[in-house]
Amino acid sequence: MRDEERPGARQRRPRDIALVIAGAVAVAYALVGATTTAFSGPADILTAVPIVALVVLVVIRWPLHPRPALLTEEGTHPFRAWVVLFAAVVLWELAEYAARGSRADHPTLSSMLDAVNRYYVLKALIFFAWLYLGGAIVRRGTPKRERTPSS
Amino acid sequence: MTSAISYAVWAVLGLALLGLWARSYAPGSTLARPGAVLERLALGPFLRIALVLAWGWVGWHLFAR
C-alpha cells in the first residue's frame, strides 16, 4: 500500500510540515539567540520573546481547570524515582551554592552551564533544548484532542 | 580535591538521570516516561504554574540574567 493510500496519511502530511517548520524556526532562533551576550539588550529581548510566547500559548491553549489523566496503575509508583532524583539534584545544588569556597571548588548547575555557554555551538544546543522543552510543556498541558505537533 | 568530589556527585546524578530515562522505556517498565512526568506537571493545578515559572526562570538565568 502506498503512503498516500494509508488512512490518516492526508491528515498527517500538514502536521508533519508544521512540525518541520516549527523545528526549523526553533533551530534558527537558537542559532541567533546563541550569538547574544548575557546582560545585553539583545539577550534580554531574544530570551523574553519565547517566555512571553509560552505564557500566551498557555493562557490560550491550557484548560482553566485541568483534569490530570489517570496515569498510574494501582500499586505502582511511576513518578517516585523521578521525584527522588529531582530532590537529590535540588539538595546538592543548594549544598554547593551554600558551601564556602570558590565556585570552581563547588560547581552549581548554573556555573557548569555558564562554562558550556562559552562555546557557541553548545550554547545554541542548550538554547534549542530550552525552546524544545517550552514547546513540550505547552503541548503536554493541552487537551489531547486539540494537540498539533507544532504546539 | 573538593571540586573532584563535587563533579563526581554531579556525574552520578547525571548518570542516574540517564538510567531512569532508559529504564522508563524498557518493556514492561512501570516507571513513567519523561513525557508522562511533564504531562503530570502540566496538568497539576499548582504544579503547572511552577513549571512555567521554572522554565522561564531557567531561560532568563541562562541566557539573559
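I take buried to mean under 20% relative accessible area, exposed over 50%, and partly exposed in between (1.4 Å probe, protein chains only).

**Entry 1. Basis**

I am working with a predicted model, in which local features need pLDDT of at least 70 and side-chain atom pairs count only at pLDDT 80 or more, while totals for chains, interfaces and linings use all residues.

**Entry 2. Chain A**

I looked up the secondary structure of chain A and found five helices and zero strands; helices (H or I, at least four residues) and strands (E, at least two) are DSSP runs, numbered from the N terminus. The pattern along the sequence reads α-α-α-α-α. Chain A has 151 residues, and buried residues make up 28% of them. I then looked at contacts, meaning heavy atoms within 4.5 Å. Among those in chain A between residues at least 6 apart in sequence, 52% join residues at least 24 apart.

**Entry 3. Interface of chain A and chain B**

I find 54 residues of chain A in contact with 38 residues of chain B. The buried area, which is the accessible area (1.4 Å probe) that two parts lose on being put together, summed over both, is about 4200 Å² between these chains, and carbon and sulfur atoms give 74% of this. On the side of chain A, the residues that lose the most area to chain B are A:W82, A:W92 and A:R140, together 18% of what that side buries.

I also counted 13 residue pairs in polar contact across the interface (both at pLDDT 80 or more). A polar contact is a pair of N or O atoms within 3.5 Å; within protein, one must be able to donate a hydrogen and the other to accept it, and residues adjacent in sequence count only if both atoms are side-chain atoms. The elements of chain A that give two or more residues to the side touching chain B are α2, α3 (80–98), α4 and α5. Helix α5(A) gives the most, with 10 residues. By class, this side of chain A has 35 nonpolar, nine polar and 10 charged residues. Here Ala, Val, Leu, Ile, Met, Phe, Trp, Tyr, Cys and Pro count as nonpolar, Asp, Glu, Lys and Arg as charged, and the others, Gly among them, as polar.

**Entry 4. Salt bridges**

How many salt bridges does the rule find across the interface of chain A and chain B? I find two, a salt bridge being a side-chain nitrogen of Lys or Arg within 4 Å of a carboxyl oxygen of Asp or Glu.

In one, the side chains of A:D114 and B:R65 meet at 3.0 Å, N to O. A:D114 lies in helix α4 (residues 109–116) of chain A and B:R65 in the segment after α3 (47–64) of chain B, so this pair joins two chains. A:D114 is partly exposed at 25% relative accessibility, and B:R65 is partly exposed at 31%.

In the other, A:R140 pairs with B:E39 at 2.9 Å, N to O. A:R140 belongs to helix α5 (residues 120–141) of chain A and B:E39 to helix α2 (residues 34–42) of chain B, so this pair also joins two chains. A:R140 is partly exposed, with a relative accessible area of 24%, whereas B:E39 is buried at 5%.

**Entry 5. Nonpolar cores**

I define a nonpolar core as a set of buried Ala, Val, Leu, Ile, Met, Phe, Trp, Tyr and Cys residues joined through side-chain atoms within 4.5 Å. The largest has 20 residues, and A:W130 and A:I137 have the most contacts inside it. At least two residues each come from α1 (9–33), α2 (41–61) and α5 of chain A and from α2 and α3 of chain B. The largest share, seven residues, is that of α5(A). Not counting residues up to four places away in sequence, A:I137 touches A:W62, B:L38, B:A42, B:L51, B:V52 and B:W55. I noted a second, separate core of nine residues, including A:L85, B:W10, B:A32 and B:V37.

**Entry 6. Two single residues**

Is A:T108 buried or exposed? A:T108, in the loop between α3 and α4 of chain A, is buried at 4% relative accessibility. Leaving aside neighbours within four places in sequence, A:T108 is in contact with A:E93, A:E96, A:Y97, A:R103 and B:W10.

A:D44 sits in helix α2 of chain A and is partly exposed at 28% relative accessibility. With neighbours within four places in sequence left aside, A:D44 is in contact with B:W60, B:A64 and B:R65.

Note on methods:
Residues are numbered from 1 along each chain as its sequence is written. Chains are lettered from A and ligands numbered from 1 in the order in which they are written. Side-chain values use heavy atoms; hydrogens and water are left out.
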